[in-house]
Amino acid sequence: MTDFKRKTVLVFVAFFLVISSLGPAGAMPTHVNVIPDGSGGALLNSPIKVFVSGNYAYVVSQGSDSLEIIDISNPGWPRHAGSITNGAGGALLKRPLDVFVSGKYAYIASHESDALEIVDVSDPASPKHKGSIIIGAIDNWFNPGPVGPISVYVSGNYAYVPCAYSGMMEIVDISDPANPVRKSAVGDGSYQAKLAGPTSVWVSGNYAYVTSFSWGALEIVNVSRPAGPLPEGRISDGEGGALLNTPAEVVVAGNYAYVASQRSNALEIVDVSDPASPKHKGSITDGEGGARLRAPTGVAVSGNYAYIASKESNALEVVNISDPAAPRHAGSMVHMEGLGLDFPTGVAVSGNYAYVASKNSNALQIVDISQPEGDPRQPDFVTSLIAFGVLVIVGYVVLPFAANRVIRVFALRSVKKNPPVDLDPVLMNEFACSVMLQHREEIKVIKRSQIFVRFWYAAGIVALTNKRIIFTIAPGIFRAGAVYEIPLPAITRIELSTREGGTFSREITLDYDTTRIRFAIDAPFWEQLSDETDVTGAFFARLKEKLPCCIADQKDVVI
């Protein structure tokens, strides 16, 4: 091998290659985990909406007629905590469509029960029916029939409940959760209110913001006096450029209302600084800048970003709203085998994670959004290209890459600038568990700049940081998505073996304490390298430098 080629190989070892999710380079919503229906007893048949409070995600599942409570204290390992179904202890949970948690109670809009159900969730493992009110019996006496509670928002001692069929927004006094009572209501046509076919409600300050399916409008109601709500202002589809054809959900943050508009295939932003005269501020539609916004039905806002559940795009769309007049596509995560984003209908955001209820996946998908638009610690030389059969050339390194995939190459100088840091093992649970081995191109990295080196082995993933070695076990080996870690001070030897015979393979063996563990490394990983033997040597040279705790050896074995 020439010195030129040898130098090329050594430079390559200093690079960190990761396969990103489909979508524009720089977009960073990343799979963490998914909990499907039946996992540990979870009731997630056709989940519709999700609400996050503290360490728990509360999910209403219309197919299960239930409220499911999921422990998300470790987002990488969500687990079933408890649930309550229709009829349990008197609970009215026939086709629940929305949930809001306040204090130790969950308030649920039960569509086919025509009720507001109140559940005591002070013990998440054992939620109990507390009280309920059948809205149809009080709201629609002059026009008997179902009223269809569809959404719920709790503010203070009141629950605000729009009803799809009656065109009313009920206000319920919940000061005594065991005995909720009707306070008042406001209906379609009252003071020119556009409330026919309401779909969602959000309360901020003295105002309730209600989306109207039938009118294609956002109605603003003054609720400073819950006993006498008064419609104050409204904006309809097309007014001033507003995209409000079949609005599905509204969230209010500051002076703006963010509306997921289904048939507009858009996120509409409305200036509500003057509630009597709301005005179109900005919008973004499906396909604009790469946005995935076909039939959006759920929206959550956190900081400068809006997170949209787009059910016909099968995606979680991330929109930068730092300039409300010009929102732009920041990133997206699209459903693929092993993920839980088939027909997503609801989304909630808490901290660095988005929680997505996906109806057809029968699952809750957890997404890392800590870097919604790229890593601020991103290395100083990154090349990202998407094509078929093209080569990425960085420095002296030529790397082939997969069709329709983004490949990023990280230079050694960037590794030095951004040294590896301790990595929480939860961050390693980033792959589609059920198809990890069959679809290794779908594996995604969460904290790309934190990992010194990472490779696939026969049953999972290994990551080496400056403090520990983390390895994952694929489903069916020990348990679903098992994660193990070994502190580096416990490791006495790391050895890589090359075996050649009928089948080419490589193995890495770790000796720690009195235990020895061996990983058989996937051949496709090595096939990406230009010179396997020399790359192996350079790999271990780098390993010795980074991990002075142990002896790192290379051994070639011919069978």
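Modeller: A nonpolar core is a set of buried Ala, Val, Leu, Ile, Met, Phe, Trp, Tyr and Cys residues joined through side-chain atoms within 4.5 Å. Please bear in mind that the model is predicted.

Biologist: Which residues have the most contacts inside the largest nonpolar core?

Modeller: In soluble globular proteins, nonpolar side chains tend to be buried together. Here the largest such core has 45 residues. Those with the most contacts inside this core are Leu67, Val99, Leu116 and Met169.

Biologist: What is the bridge partner of glutamate 117 in β10?

Modeller: Strand β9 covers residues 115-120 and pairs with β10 in the antiparallel sense over six bridges. Leucine 116 is in contact with residues beyond its neighbours within four places in sequence, among them Gly131, Ser132 and Ile133. For glutamate 117, the bridge partner in β10 is serine 132.

Biologist: Which residue in β4 stands opposite proline 47?

Modeller: Another open sheet has four strands in the order β3-β4-β5-β6, with antiparallel pairing. Its edge strands are β3 (47-53) and β6 (79-85). β3 and strand β4 (residues 56-61) are joined in the antiparallel sense over six bridges. Opposite proline 47 stands serine 61.

Terms used:
Residues numbered from 1 in each chain as written. Predicted model: local features only at pLDDT ≥ 70, side-chain atom pairs only at ≥ 80, totals over all residues. Heavy atoms only, no water. Pairing = 2+ DSSP bridges. Helix = DSSP H or I, 4+ residues; strand = E, 2+ residues; numbered from the N terminus. Buried < 20%, exposed > 50% of the residue type's maximum accessible area, 1.4 Å probe, protein only. Contact = heavy atoms within 4.5 Å.
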